[in-house]
Amino acid sequence: TGVKFGKTEEGAVWLDPERTSPYKFYQFWLNLDDEGVEDYLKIYTTLAKEVIDEVMEEFTTNKGQRAAQKRLAYEVTKIVHGARIADGVVNATAALFGGGSFLELSDAEQKMLISELGLSKAQSSMPATLVNAGLASSNTEATRFLNAGSISVNGVKWTQDKPLEIQKGNNLVQRGKNSFAIIEK
């Protein structure tokens, strides 16, 4: 694609999980652009040509589903970190972005997300909990987010009519589309 793809490129990844977590490693491959994904599948995976052709056909049919990037990210993560970790990263990513339930993740998968997102303690009120977790800058802003319906707890939207409680244990709290925190009660 003409763009440098190496160690001096911003956002570079390491094979060593101490330098780049398996989650971040997977995300790196998942977020590659459409233009080079077929070449990357050919270079960085051990998939047969026929399989790559099938993946690219599915990708071309609906680019929004990002089938090629998902397969690339999974295959490269599996090669570097093993199938068990690659499967865990896929499950953790799905829990964040609507394809799975945080509460159904294994302990190891929850720990993976905790290491990425951090862990905050539940406070005496939901607005204070959001502020403590970094999902709002003040109680006023947190209340505004709650009233606007932009907060979800474990995949369920908070509404005025049905306010949610933080459950005992770890909970995934989301603000908007891409802001997450794990809250422990």
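Reader: In which loop does Asn154 lie?

Author: The structure is a predicted model, in which local features need pLDDT of at least 70 and side-chain atom pairs count only at pLDDT 80 or more, while totals for chains, interfaces and linings use all residues. Residues are numbered from 1 along each chain as its sequence is written, and side-chain values use heavy atoms, with hydrogens and water left out. Helices (H or I, at least four residues) and strands (E, at least two) are taken as DSSP runs, numbered from the N terminus. On that basis, Asn154 lies in the loop between strand S2 (151-153) and S3.

Reader: Is Asn154 buried or exposed?

Author: A residue is called buried under 20% relative accessible area, exposed over 50% and partly exposed in between, with a 1.4 Å probe and protein chains only. Asn154, whose phi is near 50°, a positive value in a residue other than glycine, has a relative accessible area of 15%, so Asn154 is buried.

Reader: Arg66 has a positive phi; near what value is it?

Author: Arg66 has its place in the loop between helix H3 (49-61) and helix H4 (67-81). Its relative accessibility is 26%, and therefore Arg66 counts as partly exposed. Arg66 is a residue other than glycine, and its positive phi is near 55°.

Reader: In what order do the 5 strands form the open sheet?

Author: Read along the sequence, the protein follows the pattern α-α-α-α-α-α-β-α-α-β-β-β-β, with 8 helices and 5 strands. Two strands are said to pair if DSSP finds at least two bridges between them. The pairing in the open sheet is mixed, and the order of the strands is S1-S5-S4-S2-S3.

Reader: Which are the edge strands?

Author: An edge strand of this sheet pairs on one side only.

Reader: How many bridges join strand S4 to strand S5?

Author: Strands S4 and S5 form a hairpin with 3 residues between them, and Gly176 in the turn has a positive phi of about 65°. In S5, Ala181 is the bridge partner of Val173, and Ser179 is the bridge partner of Arg175. Strand S4 (residues 170-175) and strand S5 (residues 179-184) run antiparallel, and the number of bridges that join them is 6.

Reader: What angle does the direction of H6 make with that of S5?

Author: Contact here means heavy atoms within 4.5 Å, and axes are lines fitted to C-alpha atoms, for helices over the stretch in contact, with angles running from 0 to 180 degrees between N-to-C directions. H6 packs on the sheet, where it touches S1, S4 and S5, and its direction makes with that of S5 an angle of about 115°.

Reader: In S5, which residue is the bridge partner of Ser120?

Author: Strands of a sheet pair through backbone hydrogen bonds, either parallel or antiparallel. S1 and S5 run parallel and are joined by 3 bridges. In S5, the bridge partner of Ser120 is Ile183.

Reader: The backbone oxygen of which residue lies 3.3 Å from a polar atom of the side chain of Gln110?

Author: Gln110 lies in helix H6 (residues 107-117) and, with a relative accessible area of 12%, is buried. Gln110 touches Phe102, Leu103, Leu105, Asn170 and Ile182, not counting residues up to four places away in sequence. The backbone oxygen that lies 3.3 Å from a polar atom of the Gln110 side chain belongs to Phe102.

Reader: How far apart are the ring centres of Phe28 and Trp29?

Author: Rings of Phe, Tyr and Trp (its six-membered ring) pair if their centres lie within 6.5 Å, and planes under 30 degrees apart count as stacked, over 60 as edge-to-face and the rest as tilted. Ring pairs link Phe25, Phe28, Trp29, Tyr40 and Tyr44 into a cluster, and Trp29 is buried at a relative accessible area of 5%. The structure holds 5 aromatic pairs. In the pair of Phe28 and Trp29 the planes stand at 90°, so the pair is edge-to-face, and the centres are apart by 5.3 Å.

Reader: How far apart in space are Val37 and Trp158, C-alpha to C-alpha?

Author: Val37 lies in helix H2 (residues 37-44) and counts as buried at 0% relative accessibility. Not counting residues up to four places away in sequence, Val37 touches Met56, Phe59, Ala68, Gln69 and Leu72. Val37 and Trp158 are 121 residues apart in sequence, and their C-alpha to C-alpha distance in space is 38 Å.

Key:
A polar contact is a pair of N or O atoms within 3.5 Å; within protein, one must be able to donate a hydrogen and the other to accept it, and residues adjacent in sequence count only if both atoms are side-chain atoms.
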